[in-house]
Structures are given as C-alpha cells and as structure tokens.
Amino acid sequence: MKKTDLNIENPEDDPTAASRKKDHIDLAFNSQTKKDEIDHRFNYEPIISGFSRNKSQPFSFLGKEMRYPIWISSMTGGTEYAATINKNLAQVAGNYGLGMGLGSCRGLLSSDEYLADFQVRKYINDQPLYANLGIAQIEEIVTSRSIKAITDLLDKLEADGLIVHINPLQEWMQPEGDRYYNQPIDTIRRLLDGIGKPVIVKEVGQGMGPK
C-alpha cells in the first residue's frame, strides 16, 4: 500500500518521533516509586491458602494459550534500543507463556525501515502477539476503505490481532498530536466489520470513564 493511498504521514514528516520514543525509554529506565507512594492494596495472606498442584494453570485467550494472566504492552520501535528491548521482552513472553503487544506500528504503514524492530514472532513462539495502532490512523484507514493495509501489517508481523489505542487528551496536549473527528466507537465498529481479527481497545494514560 503506497503512502498516497492512505494519506498516512511518513515517519520523516514527524522529525521528533524517534526522540520522543527514546524519551519514553529513558523515563522508564529512570523512574522510581517513592516508598510512601507504593500501592498497598495487595494483601499477602500466607496462612489461608495452599499451593496449586500445578505451578501454572494454562488458560485460553482469544484462541491462544497463556500460562499466566500477564500482558507485556505496548512497547517500542523506531529508535536505537527498540529492537533489543522488543526481542528481550518477546523472549520473556515466550519462555513464561505471557502475551505481548508491540509499540505503535504507525510508521510501518508507510515504510518498512523499522520493520525489524517489531518482528519478534520467532522469539515469542506461539504466545499471543498483537500489533498496535492509534485510533487516528484507524479512522483514516476505514474512511479510505483501506483496511487491507492493516491485515497486510498483521501478516508481516505474524501478529494474532490488533490493539487500538485511544488517547485524545494526550494527543490534544502534544503540538504534533493527532486529531480525529468521528466518535472512536463508530470507527471501531467499522474496523471490526472488515478486519476479521481480534481487536483489543485501550486508553493511554488517563483510563476510561464509567460511561
């Protein structure tokens, strides 16, 4: 699919993209939780339960088997450390039976320059692996009736499905942030009608209200 077919920005049109992704990684490396900010809602009760006979109890998730209810999501791509980080995390997911979501695959819609950063299927084995796009890109794709661009992306990544992230507040606060003009719920309905793959929807940063 050519860039002109989808009207998706080329990574070169967003010169700060790589530096923002590096900032995300640096912040993760440098972050610490102060003692008085630790969440104490986990209650450790060593006296009232025994061990399961099986150290892990596999369960089915969207047609794939997982050994633990832990999901590594969503990670990174398109910057210096991305390939190494994604490889290491995919190996963890593969070894321990976890699921994994990739970082934003937006750039891969118009260029394969960073494709290798995201190709981790050989490390994660048969564990769930999901690609990731923002709702703004999904809106552009469904409006132009080019959903095949998404299925082609999933095929290239050998991904089992797609995570759609919705983050209007975050995008609004960024000078280079995306804008979208339809209700995300309607865009997601149109996506589901055409994709034929499992879809996970998540909000980034602020969560979702009860409604």
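Modeller: Helices are DSSP runs of H or I with at least four residues, and strands are runs of E with at least two, numbered from the N terminus. This is a predicted model, in which local features need pLDDT of at least 70 and side-chain atom pairs count only at pLDDT 80 or more, while totals for chains, interfaces and linings use all residues. Residues are numbered from 1 along each chain as its sequence is written, and side-chain values use heavy atoms, with hydrogens and water left out. Here, helix α3 covers residues 82-96, and glycine 97, with a positive phi near 75 degrees, follows α3.

Biologist: Which residues of α3 are buried?

Modeller: Buried means under 20% relative accessible area, exposed over 50%, and partly exposed in between (1.4 Å probe, protein chains only). In α3 the buried residues are Ala82, Ile85, Asn86, Ala90, Ala93 and Gly94. They lie on the same side of α3 because they cover an arc of only 160 degrees around the axis, taken from the directions from the helix axis to the C-beta atoms.

Biologist: Is isoleucine 138 buried or exposed?

Modeller: Isoleucine 138 counts as buried because its relative accessibility is 0%. This residue lies in helix α6 (residues 135-143). Contact means heavy atoms within 4.5 Å. Leaving aside neighbours within four places in sequence, isoleucine 138 is in contact with residues including Ile150 and Leu162. Isoleucine 138 and isoleucine 150 are 12 residues apart in sequence, and their C-alpha atoms are 8.7 Å apart in space.

Biologist: Where is leucine 169 found?

Modeller: Leucine 169 is in helix α8 (residues 168-173) and is partly exposed, at 45% relative accessible area.

Terms used:
Expected span 1.5 Å × (residues − 1).
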